[in-house]
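Please have a look at the model first.

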Amino acid sequence: MFRRSAQAPSNAEDFSAEALQFLEPLFATAMRLTRNRADAEDLVQDTFVKAFRHAGQFKRGTNLRAWLYTILHNTWRNRRRDASRDTVEVDSDQVEQAAAGAGGGEPVETPERILMRSTLDADLQAALDELPEGFRQAVWLRDVEEFTYAEIAEMLNVPIGTVMSRISRGRRMLFEKLSSAPDAPVLPVAADAAGSRR
């Protein structure tokens, strides 16, 4: 992936133009986090509202892309925390009817699935989706979005050692899932996964 300039824009209009260049990759990440188009759109919108509102806090010479991803992840984490506090009422009859109607059907086709299918091998996509959330996020941000360990640690609000551990273990889980599949292809090993400890 290409890395964009990390220089801060000079005024509010330049800041808006520069920030909006990251709309599509932020939306792709929001889809991966929320797994729902409407929620992803809301998450990206809230991210940009916060970024524009606090544009004065952006430090010149730092990475705007990483700053926006940090806002996105913090907003998502706060939403999840707030949602866990809400009580949920479940209509058992409705759940049973929905399960009966969806029995044996194909999985719901989402924009994320379409995008991933066009860019990742189907086996790799399925294995990545099966990873536990923390590992999936870390591997995605490092290997697809190409953020540094330090940037991922800031985005996920975890120590850098935890990020490195999650990426290493996530890659190992991916390798095991893919190599245990029938007719598994030989997988290349990522450069920073092959014995280097950063």
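What you see is a predicted model.

Let me start with helix α10, which runs over residues 160-179 and reaches 28 Å from its first C-alpha to its last, close to the 28 Å expected at 1.5 Å a residue. Within α10, the buried residues are Val163, Ile167, Gly170, Arg171, Leu174 and Leu178. Because these residues cover an arc of only 100° around the axis, they sit on the same side of α10. In general, an α-helix has 3.6 residues a turn, so residues three or four places apart point the same way.

Now to the backbone in two loops. Most residues other than glycine have a negative phi. Arg35, however, in the loop between α2 and α3, has a positive phi of about 60°, and Arg35 is partly exposed, with a relative accessible area of 37%. Glu146, which lies in the loop between α8 and α9, also has a positive phi of about 60° although it is not a glycine, and its relative accessible area is 27%.

Finally, the whole chain: it contains ten helices and zero strands, and buried residues make up 34% of its 198 residues. Of the contacts with a separation of 6 or more, 67% are between residues 24 or more positions apart. The chain exposes about 12,400 Å², of which carbon and sulfur atoms supply 52%.

Definitions and conventions
Residues are numbered from 1 along each chain as its sequence is written. This is a predicted model: local features need pLDDT of at least 70, side-chain atom pairs count only at pLDDT 80 or more; totals for chains, interfaces and linings use all residues. Side-chain values use heavy atoms; hydrogens and water are left out. Helices (H or I, at least four residues) and strands (E, at least two) are DSSP runs, numbered from the N terminus. The expected span of a helix is 1.5 Å times one less than its number of residues. Buried means under 20% relative accessible area, exposed over 50%, partly exposed in between (1.4 Å probe, protein chains only). The arc is that of the directions from the helix axis to the C-beta atoms. Contact means heavy atoms within 4.5 Å. Accessible areas come from the Shrake-Rupley method with a 1.4 Å probe; for residues, only the protein chains shown count as cover.
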